[in-house]
Amino acid sequence: MKLLVTGGAGFIGSNFIRHILNKYPDYHITNLDKLTYAGNLDNLKDIDGRPNYRFLRGDICDAKTVSEAVQGVDAIVNFAAETHVDRSILEPGSFIQTDIYGTYVLLEAVKAHGIQRYIQISTDEVYGSIEQGSFTEASPVMPSSPYSASKAGSDMLVHSYWKTFHLPVIITRSSNNYGPYQYPEKLIPLFITNVLEDRPLPLYGDGLNVRDWIYVTDNCAAIDLVLHRGKEGEVYNIGGGNERTNIEITEIILRELGKPKDLIKRIKDRPGHDRRYSIDSSRLVSLGFEPQYGFEEAMQNTVRWYRENEWWWKKVKSEDFKRFYKKAYGEVEW
Ligand code: NAD
Ligand code: TYD
């Protein structure tokens, strides 16, 4: 197979490229990535130079670049997006542009070039918050942040290209990922690296918001399964089955690193903060999916990876990151 992976220099995309090239050594991958603040070629240092891997720097919103990138491609897996809720609250414009308009450009390319498969990587956040029970793929979308609204918008567009043009599209909606190479603005890598630097941990509100955590490698295996065996026109929820409150996650990190709880700094709640995410993944399970990693073991792997790879995150937590951090968490000292 010849794949175009967009956003492959980010967290999940880079893990996906590594997963695919290790599992299918005869596949070819083109990675089209704009290299925004979140894109990082260090994420693929071990892959760069392989004859069946090619990196192209470019924007999915640019139709000309996309039409060059899709030449000879069998399938597209679209990870490219603006992804951080806090940034979408501060500056939503780029979310609307990349997540919605960029998806439109890719869909037009699928249509024009007769691409055989298009996988849209979406999120459980499009459903919004649920107090009890779990969302299925038939649940209505009710996004709460400009980020999740932009992802819901792109999902709607993908669905419309299925209905109207019969394009071979599939959507995956995964829960919160964690693991190596995650940009340290997200809860788990931010808190691990802050603890390693003895910085305070900015915990929103009462810390009792719940997220369902999936190890990134398990999400990559699920996307691989959907790419090869998923049904066109379907949506697949990809849940980890590990619901934890933010305070539980924080305490695990502090325990693993042997640091005291007084590093926790409670801050004013995030506006529009979703209380709980929970999805039912039985459709994916019926395709044959089984997660390979238990939560405790995968969290230990993750903490160990950041401890052993300071070279990676110290570079990322640069001046630029500090500017964002001060804007987002003004009340917390850097
Ligand atoms: P990330 O922020 O780490 O990476 C995003 C990548 O997209 C970066 O490499 C960036 O340079 C690239 N990009 C951004 N705009 C682009 C553009 N206009 N053209 C080309 N490339 C562009 O994100 P991630 O956490 O790896 O998430 C990947 C996908 O998975 C996203 O679509 C996200 O919505 C979805 N998702 C993420 C999670 C999670 O927990 N991280 C959970 C569910 C779904
Ligand atoms: P995040 O990693 O931003 O993912 P999302 O909001 O997309 O689920 O946040 C996960 C949870 O952790 C969410 O409830 C917000 C909370 N959180 C904090 O309390 N402090 C932080 O500094 C961050 C980044 C997140």
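Y37 is partly exposed, because its relative accessible area is 24%. The cut-offs: buried is under 20% relative accessible area, exposed is over 50%, and partly exposed lies in between, with a 1.4 Å probe and protein chains only. Keep in mind that this is a predicted model, where local features need pLDDT of at least 70, side-chain atom pairs count only at pLDDT 80 or more, and totals for chains, interfaces and linings use all residues. Residues are numbered from 1 along each chain as its sequence is written, chains are lettered from A and ligands numbered from 1 in the order in which they are written, and side-chain values use heavy atoms, leaving out hydrogens and water.

What about the ring partner of Y37? Y183 counts as buried, at 10% relative accessibility. Y37 and Y183 make an edge-to-face pair, 5.0 Å centre to centre, with 85 degrees between the planes. The rule: rings of Phe, Tyr and Trp (its six-membered ring) pair if their centres lie within 6.5 Å; planes under 30 degrees apart are stacked, over 60 edge-to-face, and the rest tilted. Y37 and Y183 also belong to one aromatic cluster with Y204, F321, F324, Y325 and Y329.

By that rule, there are 21 aromatic pairs. Take F16 and F79: their ring centres are 5.3 Å apart and their planes at 50 degrees, so this pair is tilted. It links distant parts of the chain, with F16 in helix α1 (residues 11-23) and F79 in the loop between β4 (75-78) and α3 (85-90), 63 residues apart. Helices here are DSSP runs of H or I, at least four residues; strands are runs of E, at least two; both are numbered from the N terminus. F16 is buried at 0% relative accessibility. F79 is buried too, at 10%.

Next, the strands. Four of the five residues of β1 (residues 2-6) are buried, so the rest of the structure largely encloses this strand. β1 runs parallel to β2, joined by five bridges. Pairing takes at least two DSSP bridges between two strands. Opposite V5 stands N31 in β2. From β1 the chain crosses through α1 to β2, a right-handed β-α-β crossover. Right-handed means that, with the strands pointing away from the viewer, the path from the first strand over the helix to the second runs clockwise. β1 also pairs with β4, again in the parallel sense, over four bridges. There, L3 has A75 as its bridge partner.

Now β6, residues 169-174. How many of its six residues are buried? Six of the six, so β6 is largely enclosed by the rest of the structure. In a regular strand, side chains alternate between the two faces of the sheet. Both faces of β6 are covered: V169, I171 and R173 are buried on one side, I170, T172 and S174 on the other. β6 pairs in parallel with β5 over six bridges, and T123 stands opposite S174. With β10 (residues 235-238), β6 makes four parallel bridges. I171 has V235 as its bridge partner in β10.

Last, D124, in the loop between β5 (117-123) and α5 (146-165). D124 is buried but has no salt bridge; R211, the nearest side chain of opposite charge, is 6.9 Å away. Lys and Arg count as positive, Asp and Glu as negative; His and the chain ends are not counted. A salt bridge needs a side-chain nitrogen of Lys or Arg within 4 Å of a carboxyl oxygen of Asp or Glu.
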